[in-house]
Amino acid sequence: MSARTAAAEISGPEDFARTFNVSRETIDKLSTYEGLLRQWQKTINLVAPSTLDAVWSRHFADSAQLLALAPPDAKRWLDLGSGAGFPGLVLAIMLANREGAKVTLIESDTRKAAFLAEVGRRTGAPVDIRPERIEKAATQSKLGAVDVITARALAPLPRLLELAAPAFSAQTTGLFLKGREAETEVDAARARWAFEAELHPSVSDAGGRIVVIRALEAKTEGQPR
Ligand SMILES: C[S@@+](CC[C@H](N)C(=O)[O-])C[C@H]1O[C@@H](n2cnc3c(N)ncnc32)[C@H](O)[C@@H]1O
C-alpha cells in the first residue's frame, strides 16, 4: 500500500504502519503520543474534541503524508504554529532515525508548548521547541538554513508566506496542508509573492490539498502580478 492511499482506511496503528511503512518502534512512539494527547486534552483544548476518535487519520496520517513530498535528505525542518504537534511533531517522530534530523516547533501558547515538550521527552523525538511568536523566532539568523517549512491551519496562504518568508532560502521547500480553497489562496498569494507551486490531493481530507512552495521571493514594485 502506498502513502497516497485514502486515509479513511487508517483507523489505527496497524493501518498506519502498513500505509507509511514505519517500524514498530515508530508506532510505539505514536501510541505514546496518542495516550498523552488524550490525557492532556482533559485539561487543555489541544485538538477539536470531534477529531479525538480519529487521531490516526485526522492528525497522524494528515501529518505523515508530508514526508513523501519533502526532499529525501531533508534534515532541518521548521513547523509554524504547531499547536498539539501537527504536522511537525509527527514528522519528528518519523525522522528520528535520520542522521542529523531536527524539527523546530514554534508555538506561542505556552501550555501547548509544554505538551510538545512532554511528548518530545517521552518519545525522544528530535525536536527543538520554541514557545515564541513566529514573527520573532522564524528567521534565518535565529534558525540557520531550513530545508523544509511546514504548517497546518495557521493562516491563509498570503499571510502564511509572510510568516514563513524570513526563514525561507532558495533551497527551502514549503509544505502546507490546506483545504478546498487552496487554489484560490495560491492565486491570492501571487499578488505579493513570486514562487513555484504544486498542489497535491490530501490523503486524509477529501477535497484538501497540500501546497508545495519553492523559490519564494517577495515581489518588488513594478513586477508583474
Ligand atoms: C489552529 S491551530 C493549528 C495547530 C496545528 N498546526 C494543527 O493543525 O493542529 C494554530 C496554532 O498556531 C499558534 N499560533 C498562531 N499564531 C501564532 C504566531 N504568530 N506565533 C506562534 N504561534 C502561533 C496558535 O497558538 C495555535 O496553537
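I began with L91, which touches S63, L66, L67, W77, V103 and T150 when residues up to four places away in sequence are left out. I note at the outset that the model is predicted.

I then asked which residues have the most contacts inside the largest nonpolar core. They are L89 and L91, in a core of 59 residues. Helix 4, residues 88–94, supplies the largest share of this core, six residues. As general background, I recorded that nonpolar side chains tend to be buried together in soluble globular proteins.

**The ligand**

Next I looked up the surroundings of the ligand. I found 16 residues around the ligand, and the closest are G81, G83, S108, I134 and R152.

Are I134 and E135 buried or exposed? I134 counts as buried because it has 23 C-beta neighbours inside 10 Å, and the cut-off for buried is 20 or more. E135 has 12 such neighbours inside 10 Å and therefore counts as exposed, since the cut-off for exposed is 12 or fewer.

I listed the contacts of I134, again without residues up to four places away in sequence: L80, G81, I106 and L163.

**P166**

I turned to P166, which lies in the loop between helix 8 (157–164) and strand 5 (173–178). P166 and I134 are 32 residues apart in sequence, and their C-alpha atoms are 9.9 Å apart in space. P166 has 15 other C-beta atoms within 10 Å and is therefore partly exposed. Not counting residues up to four places away in sequence, P166 touches A138, T139 and Q140.

**Helix 8**

Which residues of helix 8 are buried? I found L157, L160, L161 and A164. Seen down the helix axis, the buried residues of helix 8 fall within an arc of 100°, so they line one face of the helix.

Lastly, I checked what covers these buried residues. The cover includes strand 1 (76–80), strand 4 (148–152), strand 5, helix 9 (182–189), strand 6 (193–201) and strand 7 (209–218).

Terms used
Residues numbered from 1 in each chain as written. Predicted model: local features only at pLDDT ≥ 70, side-chain atom pairs only at ≥ 80, totals over all residues. Near = placed C-beta within 6 Å. Core = buried A, V, L, I, M, F, W, Y, C linked by C-beta atoms within 7 Å. Helix = DSSP H or I, 4+ residues; strand = E, 2+ residues; numbered from the N terminus. Contact = placed C-beta atoms within 7 Å. Arc of directions from axis to C-beta.
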